[in-house]
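Welcome! Please take a moment to look over the sequence and the 3D structure before reading on.

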Amino acid sequence: MLETLDATAVRTWCRLALSALGQAREEIDALNVYPVPDGDTGTNLYLTVEAATAAVERCFEAGADPELAPAVKAMAKGALLGACGNSGVILAQLLRGVAEVLAEQGGGPQALRAALTRGAEAAYQAVADPVEGTLLTVAARSAESAAAAAGSLVEVAGAAHRTARDALLRTPEQLQVLARAGVVDAGGRGLVAVLGALADAVAGQQPMGPVALGEDLPPTPSSLGADPCTDEPERLPGHPAFEVIYLLDAADTALPALRERLAGLGDSLVIGGGDGLWNIHVHVNDAGAAVEAGVAAGRPHQIRITHFAEAAARAGARSGLEPEPAAERAVLSVVTGEGLAELCRSAGSAVLAADPDAPPSSTELAEAVRRCAAREVIVLLNDPELRAGAGAAADQLREEGLRIAVLPTRSPVQGLAALAVHEVARRFDEDVVAMTSAAGATRYAELAVAEGESWTMAGVCQAGDVLGLIDGDVAVIGRGIAETGAEVLSRMLAAGGELVTLVLGEGAPGGLADQLVAHARRQRPEVDTLVFAGGQESAPLLIGVE
């Protein structure tokens with residue numbers, strides 16, 4: 001447990017929040033009935049926190065560990081620059097308020113109380129017409145509880161999180177549109193995830209995987225049988241047709257006139273930022289006029305305009321099969337190591353080279369898909385940690401008219417198995433099913449070298465031990481790469497198999513492939529073995545058994 005927040009804790013907070021929102025992104029999207037049922041609140045919050053997390057990571061990449069002040073300022077600015085949608089801009093402004101106090105007062109319990117209070121105030125100030133029963137209400141109640149909490153940092157953060165959950169459950173009592181749909185507020189639920197991540201970070205939890213929001217919260221519309229996307233127009237007649245978002249370089253003195261002008265054009269006006277940089281969000285019928293108002297105030301850039309009717313139609317169609325377009329199809333593989341990249345290219349796949357220490361963001365994944373220049377794209381992630389970001393990227397790309405299927409392959413050997421059965425002449429859905437089946441039928445393993453003492457599923461390992469992971473869990477602890485690889489291969493072949501794939505990494509010792517091929521033949525003479533030089537730095541050996 002932490003006695004005070006520092007830069008490392010802020011980094012952990014961001015990572016945990018991103019993981020929690022990644023797991024819950026689709027669920028939060030399904031809750032999105034207010035102010036417009038366009039099914040993107042979870043995605044917008046994820047993208048906003050992803051930008052904040054990336055900015056904090058850059059602080060650590062710059063050299064020595066940063067102090068608290070630059071870390072929280074980077075978090076706030078990253079969130080502002082990457083904020084998407086109404087909820088994203090509000091959350092960014094809340095984080096800005098939190099950062100202002102922590103940068104000035106440090107990371108102690110009293111500072112956190114004041115920071116959460118300031119964050120809630122900043123969120124309200126960003127919204128032209130605050131509505132209760134939304135993210136704003138959850139933030140306010142949470143801040144009140146934190147301010148009243150006595151004791152340690154853990155107690156303050158825990159009180160904020162618990163009260164946020166309670167406030168979320170009451171949002172249908174405050175906002176009729178939520179009660180009609182039988183859901184809680186989507187933005188408020190996202191904030192619960194962010195505050196839960198804060199509580200976990202100060203309690204000492206590390207980002208080891210997805211963080212759940214909890215099982216005792218209300219169900220989503222799909223499980224209730226409600227369809228807010230189809231009945232929302234009746235509840236909100238005459239709602240503006242467009243969402244307009246842009247960043248604006250402008251003096252603080254230009255904001256009052258801009259706020260008045262935009263408020264006259266539409267609703268859902270949210271303005272976040274400060275110190276000459278602002279994130280503008282508004283719903284209007286005249287998108288051009290909203291942009292012109294920004295031009296009159298300063299320099300708008302990164303302008304995004306969304307037509308709500310089209311977005312809602314896309315959101316409603318996501319769960320079903322779209323008509324088969326007559327278009328070119330491409331496969332994109334995310335891999336590390338030039339050898340693996342060349343293997344994928346030779347199999348007809350485009351490649352996104354990934355840094356094992358800095359996995360690609362959703363923005364980078366989306367750009368790589370666009371570079372494929374195809375209307376249908378099948379994405380092979382080859383890493384379970386990329387699934388949340390890929391989901392957010394896919395939703396963005398579908399709004400651009402692309403047809404995307406993300407296959408959550410967990411290892412490059414599963415990706416290679418999928419590529420082996422890829423057939424562009426098949427229908428898109430049939431191709432996706434065939435590739436998914438091939439990947440799912442491939443068990444995967446990898447070797448890794450332990451960096452320090454740690455508890456694993458196979459016992460306690462020491463620094464320098466070779467770990468054999470089968471299907472993601474440590475199954476073998478050995479001293480040498482060859483002997484550990486042979487033990488892992490024996491265990492995998494004990495369950496059967498017809499084809500073994502060995503992918504050698506940079507750290508593979510000479511003769512390893514020959515030893516393992518001979519070992520496989522001794523154990524299962526009928527099994528074929530393929531060997532490739534992958535060149536990956538992260539693992540000296542990858543094993544696939546089909």
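Predicted model: local features only at pLDDT ≥ 70, side-chain atom pairs only at ≥ 80, totals over all residues.

Residues are numbered from 1 along each chain as its sequence is written, and side-chain values use heavy atoms, with hydrogens and water left out. Helices (H or I, at least four residues) and strands (E, at least two) are DSSP runs, numbered from the N terminus.

- An open sheet is formed by 4 strands in the order 6-5-7-8, with parallel pairing; two strands pair if DSSP finds at least two bridges between them.
- At the edges lie strand 6 (350–353) and strand 8 (403–407), each of which pairs on one side only.
- From one strand to the next, the twist averages 20°; axes are lines fitted to C-alpha atoms, for helices over the stretch in contact, and angles run from 0 to 180 degrees between N-to-C directions.
- Inside this sheet, strand 5 (residues 329–335) and strand 7 (residues 376–380) are joined in the parallel sense over 5 bridges, and Ser333 has Leu380 in strand 7 as its bridge partner.
- Helix 20 (residues 428–440) packs on the sheet and touches strand 5, strand 7 and strand 8; the direction of helix 20 makes about 10° with that of strand 8.

**Strand 1 and its partners**

- Strand 1 (residues 242–249) is mostly covered, with 6 of its 8 residues buried (under 20% relative accessible area; exposed is over 50% and partly exposed in between, with a 1.4 Å probe and protein chains only).
- Strand 3 (residues 277–284) runs antiparallel to strand 1, joined by 8 bridges, and Val244 stands opposite Val282 in strand 3.
- Strand 4 (residues 299–307) also pairs with strand 1 in the antiparallel sense, over 7 bridges; here Ile245 has Arg304 as its bridge partner.

**A hairpin**

- Strand 12 (residues 466–470) and strand 13 (residues 473–478) pair in the antiparallel sense over 5 bridges, with Val476 as the bridge partner of Gly468.
- This hairpin has 2 residues between the strands, and Asp471 takes a positive phi near 50°.

**Thr53 in helix 2**

- Thr53 belongs to helix 2 (residues 41–61) and is buried, with a relative accessible area of 7%.
- The side chain of Thr53 reaches the backbone oxygen of Val49 at 2.8 Å.
- Leaving aside neighbours within four places in sequence, Thr53 is in contact (heavy atoms within 4.5 Å) with Cys14, Arg15 and Leu18.

Note on methods:
Polar contact = N/O pair within 3.5 Å; in protein donor to acceptor, adjacent residues only side chain to side chain.
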